[in-house]
Amino acid sequence: LNFVLTKKVITKRGVGLAISFSLIAAVLALSTPQIAEGDPEGAHIDVAASHPLVVTAGSGAITVPFSVACGMPVIEDPCDVRTVLHYKPAGGRWTEAIRLLDGLGVRFHVPLADTLYVDYYLEATERTTGTHMTFPSQGSTAPFRFYLLPSVGSTQLDLIPFGESRQPNSTFSLAWGPAPGQAGLLPGNESSTIGPQALDVDSQGNIYLLDQINDRVQVFDPNGVLVNAIPMELGPLGDLVLRGDGSFYILDFVPRPGSHPVVHHVTPASTPFAPPASVSTVETPEWEPALLRVERDVLWTYGTPSDAWQSVGGWSEGLAAVQMGMPSMVGELIRRIDPSRQVLELATPNSPQAQRIRVRVPDGRLFGELALVEPDDAGGFWVVVRTWQETPTRSDHHEVVRLSSDGRVLEHFALSNGEFADTGSMSQYRLGGDGDLYQIFTDDQGVQVRRFEI
Amino acid sequence: VRTNQFIREVVVGALLALVVGTVFLPVSASAGWADNNCSFSGNGNDVSIYKRSQAIAYADVAWKEGYHWGGGCWNDSDTDNQAGDPVQTESTHGEGGDCSGFTFKTWALKCSDPANCLYGENGKSTWSAIRYIHGPYTASSFKNPPGSPIADEPKSTALQMDAFASDTHIGMIYTANTSQGHDRIIEAKCEGCGTTKSIQPYRGQSAYEGAERTGWTPECHPNCV
């Protein structure tokens, strides 16, 4: 520094050069963003399926469509994607069919043999970059599947006018806010409005509310009295499911570079309002998990792009890693809204008395999402499904339907939605461990936890 | 001697630049991520061809990047490079678009004068991911479109890269019709969420209306029969 500050070496030209170097550096810094676009290693391929799930035996052939998105490192460059569908009837051999991607997807026609099911998986290769992916990732080891079942007739739902909804048997309310007994809200303004993502209810009727905006799980007794709050650092999106032994799982849908979202297994402390006694975290098998489910002590997730159920850590436990239907007490339960949005289908293809039920929405209405499907205790099913119309006025509500094992409608009523804030996409309703139906209902004042005796 | 003096002056000049840079660097480093990584000027690249598949590929770059209210610049690092920005504040210049800005860029909507974008400019204009621009539209204006090149779309027929818009939010269809009756939506969701792909029930929710970008180039181009 002494050298620099010596009068003899600080000349006008030195100062001029300093200014020049600074200006050049500044111009370079301002004009050259430091992070390049694109993936230098290859193309990005995203494949999603529209699974047939259940096909009427004797149909001859079926079309299996896939959506394929492809982006090149230089975004203007066209993708050149070759896809190969591998399919195999039960007990048969693998067969290949090849299609080149042209636009938004590919469609394969699969002949139907006299078989119980057909397994399939897709390989896609971007031929310029060599990027390759298999969907699902386990390929022939754990492929997708559709089942062939006998034809059945459809049950027509009666029309329930919008605005005609059943009132809850009990409700407790939480105002928006951070205080104990309140619920966190992330207001929407050029963004989603986000409230509590999920709830679950144990066999005593205690309600666990995932209040992730406030970084906690709050526990209320059946009267709505706050009895515990477990602090945790959480992202704004997720799901919660009880394990049945006092612990619970939380899906934490926070983007992480190179990693899927994670699930936390949380064991509460013996002292209320204390941090958890233990938290173990594992990665989910899916990029976009939406729902957690515990069945026979195994944790499953449903998500996309697979549009299937995958066991978390299933490989290490030797379990089937991919399953098309929801794991349930009656085995694999296929649940599906037909792409026409006019037919809802349930099936238990692997149970000794394989069931298949088809339900049609009333004319003028369409089905929205399946919010809940659970077996009842008499061989039938509880279903919560959105129905909606666009004309003459935009309207929607959720309908609760109890179906018998042969597809008759045993109970049918509507619930008002209360969707001021988003919950988890499949977590607005839960069938509690006490046998009642619970709903997260939100408006601009706060959250109501609504209980319906069913 | 002159050579030695010149070398000495060059060295001193560089050292002085270093000292000046050291003094002023913290000022620039304290600016937002976008100030150091994005371009705040320049027009879009006018194009005549823009397909839904190109829009999907463009949107995919933003997947897992940040969300920033009023923002519109992202890279491809699969993380929010400036997480935890104050919500509904543009001035911190974090990474990502908000829901309407993300849609504006993904749909290659046109803005001839980036300093004063106007509603309803026709044409197609692609924007670099690192061009910091939001465009003139809000979620509400996609819900109630001002006219071409944005139009209402019946929700029952909405398909890939059409959108569902409410008064406060908009998301685009990445894949239509999952087996559970949802659509797979790509959206700049919230500050803590980032830009996500996930299943959403927007199609059936009354708060949402369908919106489409008009004038997509057919996927079969240039081989359409």
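# Disulfides and buried parts

Tutor: In this predicted model, B:Cys111 and B:Cys117 are joined by a disulfide, S to S 2.1 Å.

Student: What makes the link of B:Cys111 to B:Cys117 a disulfide?

Tutor: The cut-off is two cysteine sulfur atoms within 2.5 Å. Here the distance is 2.1 Å, so the pair counts as a disulfide.

Student: Which hand does the disulfide of B:Cys111 and B:Cys117 have, and why?

Tutor: The torsion about its S-S bond is about -95 degrees, so it is left-handed. Both B:Cys111 and B:Cys117 are buried.

Student: How many disulfides does the structure hold over all chains?

Tutor: It holds 5. One of them joins B:Cys38 and B:Cys73, with sulfur atoms 1.7 Å apart. The torsion there is about -80 degrees, so this disulfide is left-handed.

Student: What parts does the pair of B:Cys38 and B:Cys73 tie together?

Tutor: B:Cys38 lies in the loop between helix H2 (33-37) and strand E1 (45-47) of chain B, and B:Cys73 lies in strand E2 (residues 72-73) of chain B. The pair therefore ties together parts that are 35 residues apart in sequence.

Student: Why does B:Cys73 count as buried?

Tutor: Buried means under 20% relative accessible area. B:Cys73 has 0%, so it counts as buried. B:Cys38, at 7%, is also buried.

Student: Is B:Cys220 buried or partly exposed, and how do you know?

Tutor: B:Cys220 has 31%, so it is partly exposed. B:Cys224, at 38%, counts as partly exposed too. A disulfide joins B:Cys220 to B:Cys224, and with 95 degrees about the S-S bond it is right-handed.

Student: What is the nearest cysteine sulfur to B:Cys99?

Tutor: That of B:Cys190, 11 Å away. The limit is 2.5 Å, and B:Cys99 is in no disulfide. B:Cys99 is buried, at 1% relative accessibility.

Student: Why is helix H4 (residues 99-106) of chain B called largely enclosed?

Tutor: Because 8 of its 8 residues are buried. Among them are B:Cys99, B:Phe102 and B:Lys105. B:Ala108 follows H4(B), and its phi is positive, near 55 degrees.

Student: Is B:Arg203 buried or exposed, and how do you know?

Tutor: Its relative accessible area is 4%, so B:Arg203 is buried. B:Arg203 lies in the loop between strand E9 (194-200) and strand E10 (209-213) of chain B.

Student: What does the side chain of B:Arg203 reach at 3.0 Å?

Tutor: The backbone oxygen of B:Ala158. Another backbone oxygen, that of B:Lys155, lies 2.5 Å from a polar atom of the B:Arg203 side chain. The contacts of B:Arg203 include A:Arg341 and A:Trp388.

Technical notes. Residues are numbered from 1 along each chain as its sequence is written. Chains are lettered from A and ligands numbered from 1 in the order in which they are written. This is a predicted model: local features need pLDDT of at least 70, side-chain atom pairs count only at pLDDT 80 or more; totals for chains, interfaces and linings use all residues. Side-chain values use heavy atoms; hydrogens and water are left out. Helices (H or I, at least four residues) and strands (E, at least two) are DSSP runs, numbered from the N terminus. Buried means under 20% relative accessible area, exposed over 50%, partly exposed in between (1.4 Å probe, protein chains only). A polar contact is a pair of N or O atoms within 3.5 Å; within protein, one must be able to donate a hydrogen and the other to accept it, and residues adjacent in sequence count only if both atoms are side-chain atoms. Contact means heavy atoms within 4.5 Å. Lists of a residue's contacts leave out its neighbours within four places in sequence.
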